Amino acid sequence: MEGIGVDEKRPLAVDLGPCNAADGGDRRIWSSREWGQKIATGKRIFCNRSLNMKNIIAVGFDMDYTLAQYKPETFESMAYDGTVKKLVYNLGYPHEILEWTFDSKYMVRGLVLDKKRGNILKMDRHKYVKVAYHGFREMSKEEKVSTYGNTLVRDSFDEPDYALIDTLFSLAEAYLFAQLVDFMDKNPAKFTSGVDYIRMYKDVRAAVDLCHRDGTLKQMVAKDPGRYINEDLSIVPMLRMLRDSGRSTFLVTNSLWDYTNVVMNYLCGNCNSNCDSAGCDSAGNYEWLQNFDVVITGSSKPSFFHEENRANLFEVESETGMLLNTDNGTLVPQVGSTSPRLPPNHLKKACRVFQGGNVAHLHKLLSIASSSQVLYVGDHIYGDILRSKKVLGWRTMLVVPELEQEVELLCRSREMRKKLRQLRLERDLVEDKIHHLKWSLKFDILDANEEQSLSSELHKLELQREQVRCLHQDAQREHHQKFHKVWGQLMKTGYQNSRFAHQVERFACLYTSQVTNLSLYSPDKYYRPSEDFMPHEFDILGL
């Protein structure tokens, strides 16, 4: 089959029976005989910068929220509950907050949290605040302008005064912060002196870190991965297709080996031909490693992407989790031994597992000569995409799970968008007429009758303008709330791209809703971007 380069002496790795029946059986991976040409819009891969996959020799993946998509209603709620308990029992917050619950659908990515003022903001690509809430109270236009629009120097909206809500995992802490802002505004006496919005945010972050450090979250996931992680039976076929096409595959995750093994066993076990009918979710199974050439755990991204990072690289002994000293990936003999310590024979695999190190180690392990030969897939704009793109020059693909629903809603809102454009044109026309009449009344020489007539016409136009303005505003709000009741479209704020969309455009060569959408395209695909348009071209070209 064209573009697959499969060894004819072995069977096609994509012939996996039920594994290619994900999403109700209507998704077939590209290299299967049942593959169909039509790809649903929500499953498409969208291109910002041309990328010819023939030039890619290695494809890498993040794990959390990329290969492993966590369920917000269980995983995020568990993280939220754990954070609240830490705030109460470790940091002395009022016991009333133990009764709070998490609304997993309230927050969205791309928001900016104002630590000093207790506000949560959504901005356009020019960093103008378009939607703002103080806690859960919507700020008026006047409040937004007076707070964020009347300064001589434009605010950068970055750390340390602001926090960027750019990962799905940060949605729960943003929601908790908004709850705390509301609670403190109404109950200031319940907080000790010196506690302000900035301190509350620091405490929330400290509580989140405590939840991770004590291992509670990971232990719960390990007990029942299916409760917290979405199953995706297309992962193994996708990885095998990439490897059969002659490319290396690697995993770089900040999670340590024990947790990585649990999660990857769950994701890959159900499609592994060597697994029994109960699946391969035990911590002692390492068959999933066959799908990778190199796995790096405990990577400490984004510092991993800097070659000057001096973190040591250790090899992980799969069975025991022990770390073995290496010299740039080559095992170092132990004291009193003339040869390096090797893992037991039955655990020797083509894939090697490491902890720590930096990107230079990875390049050497995979024999990568040029950074542009690597495609890295992740979910975090700053932790995965920005650094790997800006510092290294890797090609990048961002996973945006929210995109699938957003695209579907866009398809259903075509008529509403036409209505909004028409109302906007009407406003422009009425306003132009008003401006012209006002000019005439001010500068033209008119008799009393002419002046009265123009004044009467002006009054009618001003009433019409107000009517059209209200219609336009109501239609905009209706359109906005179809996507999200509070924050609207993920990739837009009104008529402008959102700050999040701007970051996606700047740093992601490709973006898509699921990592396994890669399996719907040829591994030799040439991804080409759509044509750019300037405002002057729209009317001329009838766009």
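Is Cys-509 buried or exposed? I found Cys-509 buried, at 0% relative accessibility (buried means under 20% relative accessible area, exposed over 50%, partly exposed in between, with a 1.4 Å probe and protein chains only).

A note on the source: this is a predicted model, where local features need pLDDT of at least 70 and side-chain atom pairs count only at pLDDT 80 or more, while totals for chains, interfaces and linings use all residues. Residues are numbered from 1 along each chain as its sequence is written, and side-chain values use heavy atoms, with hydrogens and water left out.

Next, I looked for disulfides (a pair of cysteine sulfur atoms within 2.5 Å) and found zero. The closest cysteine sulfur to that of Cys-509 belongs to Cys-47, and at 7.7 Å it is too far for a bond. I also checked Cys-351, which is buried at 8%.

Then I turned to salt bridges (a side-chain nitrogen of Lys or Arg within 4 Å of a carboxyl oxygen of Asp or Glu); the whole structure has 21. One of them joins Arg-247 to Asp-524, with the closest N and O atoms 2.8 Å apart. Arg-247 sits in the loop between α7 (235-244) and β9 (248-252), and Asp-524 in the loop between β19 (510-512) and β20 (526-527), so the pair ties together parts 277 residues apart in sequence (helices are DSSP runs of H or I, at least four residues, and strands of E, at least two, numbered from the N terminus). I noted Arg-247 as buried at 7% and Asp-524 as partly exposed at 23%.
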